[in-house]
Amino acid sequence: MDPRMCRKISSSESLPDGENEEFEVSNIIAPQESEENFLLEGNLGRHSVTWLDDDQIEDLDLNLDHTNLFFHRVDSADIIYRSKKKKCKMVGKYVMGDVLGEGSYGKVKEMLDSETLCRRAVKILKKRKLRRIPNGEQNVQREIQLLRILRHKNVIELVDVIYNDEKQKMYLVMEFCVGVLQDMLESTPSKKFPQRQAHEYFTQLLDGLEYLHGQGVVHKDIKPGNLLLTLDQMLKITDFGVAEALDMFSPEDTCYTGQGSPAFQPPEIANGAEQFSGIKVDIWSSGVTLYNMTTGRYPFEGDNVYRLLEAIGRGEPAPPPQNLAPTLQCLLIHMLKRNPDERPSVQEIRRHDWVRSRPPLLSGETVVGPRSRRSDELHSSTVVPYLVERHYASAHHFFTERELRHGK
Amino acid sequence: MFHPNINEYQLTSIIAECCGGVAVVYSAVYKPYNENVAIKRYFVDKSKEKANLIQQDILTRKELQHPNILPYLTSFVHGRELYVVSPLMNLGSCRDILDRYFQEGLPELACAIILRDLLLALQYLHRQFYIHRSVRASHVLLDSNGNVRLSGLRSAASMMVRGRRQKQLHSLPPPDHDNANLMWLSPELLEQNLKGYNEQSDMYSLGVLCCELANGAVPFAEVPTTLMFTEKVRGSRPQLLDCSSFPEPLDDGEMKSMYNTDSGVGDSAEGMSRLRAAYTARKLSDNFHHLSDQLLQRDPERRPSAAQILNHPFFKQIRKTDFLPSLIGRVKPIKPDPDDISALILQEKLSEMEIEKTTEWDF
């Protein structure tokens, strides 16, 4: 299925970003004082430097390998790289690190609190960009308002909000997380988790949802892309952009707008109902999330958003695969009832057999680790190189091709 | 059994203000036994966020029993404040002793005794699956009977989470009011990556404490927090300062930046040169250097465990007859202070009293 269907309707596409310079690591090749070094075009001055990106360097390497009869071979110790200077940038008391991900509203970067040394993530929002997204500014305001009052181990914590009027930017400083369930699912061949792992996350999702609903907050966009994991495998519900605080004095949980991601929307929204139960929307989306985590598929598919919504509107989900535990099949069917009133409450789900007993890790199953494309295996701080630049500014790091190849 | 009732206690002096003004420690007499105790009084209102930490501290101490860990006697609420009662450690904390009496550091034998006793406490804590996460001189308390006790259980973390034993933890300990605690923390703990940290992190902190006790000053005290972090991550190891590690030709500025030997007291040029003379004139044993070097290794797996390092030859210098209070004879025990008593009586009438921050004595 088109991955766009897992995003929000209101912000179907993220906009390309113009300024994106500080984390592109490129290398310099500096010509040596050797006469035979004509690799770098003869007309270059003695001390000039050619900037090459990684692909060009690979091309060069290929050339060296296959055509060394025609080219003078350059010793790998003579090619000198300088690691690209990482310019240390501070926002308030925070030191900026690398980009962790990109949302529809802007970039998410790593940061380090220079006083407590606590790792943080920051959502950087640009006014200019927000204006171009329908309800963009409103959604952000709502998210900030909600996150300021919410405090639960399974709900992302908003630590700080910094405004920069001059740059027209807003920084939402949040708890640091290492992975998104969506990315983890995509990283596996089967696009699913072992049941044991899915169970671990699903029970935490229930804890978070129970808290939110108790606080009168409906998330309305529960999906693997909005579920993050901390270093110690704690699940955090994030992205309250389309969430809604219910009227505390009303006995009903009626909502009027649905802006969540199509694939996770319930039939009532797909059919354009004018009002619906907010809580049962979250139950449905959690059901689709559980379906997706345990099968690698979606209960409804469609070639495009309209077909997809049409299929959801009919409310006949693809039956869960027969190889799933019968209790899990039963839970999924129950959560994906077309009639919202027939869907279970969080408390009922908790009492369900599949939830109450922890499924074992079967032989041959491996737990999927948190991963992100931009970090190393240990998810070490990406701020350290910037700090090195800041505190030892004079120390440029030079290394040669040979050292690079020998894994120096 | 100590009664949880303020009327059974007579406050006798103010020992210290701590936790950034959130608590005050008093010495007191428990009237039924005529026994000296220390009472820590928390202004819970001032610290809404920290109330659960105080609770954690009490719960942890109730669970633990070891001669080298500060016991918990009782606690109660009186007025708007919470009182926690512990035995009185009448020589105060090692940080106070360093600041007031031993700015150039404690004698090596005294360090050995203190470190050995702390290792026994850590060995016990680690066997109970606790990581202390706040081993520092202000959490090491001494009394005139020769007892050495570890306090500061507020930041301790259990490796048992929801009934399951964790191989590693990842989160930073709760921040203290001035974030000073970070100076003692291990590189792997500060890194906060997927590798996490385990009880070996306390062994690194103990290494930092070695330097603090021997040098009088904490390594990294005068550098920006982010530089301290970068230095640790890059594997730089603090050192014990003596004629072998402390070369003569250094001016004050260099010394300050390289060794951060600024205790706050020796800030003046005179104080600096006096400290420098003291360092260059002394020779600490090779065993002591080796011990601190072992503890401060970057790789936690290469650091010895508490149980292993107790067999280190450094501790062989301790004789059965060595008595810690006589090794640090110039330290005066905390006594009832008539001025304090009258002030305390006055305070009964006043709802609050401002106390100047003079010492650091946490437990």
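1. Start with the side chains of A:Lys123 and A:Glu143: a polar contact of 3.3 Å joins them. (A polar contact here is a pair of N or O atoms within 3.5 Å; within protein, one must be able to donate a hydrogen and the other to accept it, and residues adjacent in sequence count only if both atoms are side-chain atoms.)

2. Before going on, note that this is a predicted model, where local features need pLDDT of at least 70 and side-chain atom pairs count only at pLDDT 80 or more, while totals for chains, interfaces and linings use all residues. Side-chain values use heavy atoms, without hydrogens and water.

3. Back to A:Lys123, which carries the feature "binding site" in an unreviewed UniProt entry; such annotations may be inferred rather than shown by experiment. A:Lys123 is found in strand E7 (residues 119–126) of chain A, strands being DSSP runs of at least two residues, numbered from the N terminus. With a relative accessible area of 14%, A:Lys123 is buried (under 20%, 1.4 Å probe, protein chains only).

4. Leaving aside neighbours within four places in sequence, the residues in contact with A:Lys123 include A:Met170, A:Tyr171, A:Leu172 and A:Asp239 (contact means heavy atoms within 4.5 Å).

5. Now the chain A and chain B interface. About 2100 Å² is buried between them, and carbon and sulfur atoms give 61% of that (accessible area, 1.4 Å probe, lost on putting the two parts together, summed over both). A:Leu117, A:Leu231 and A:Tyr392 supply 30% of what chain A buries against chain B, more than any other three residues.

6. As for pairings across this interface, the rule finds 8 residue pairs in polar contact, both at pLDDT 80 or more.

Definitions and conventions
Residues numbered from 1 in each chain as written. Chains lettered and ligands numbered in written order. Helix = DSSP H or I, 4+ residues; strand = E, 2+ residues; numbered from the N terminus. Buried < 20%, exposed > 50% of the residue type's maximum accessible area, 1.4 Å probe, protein only.
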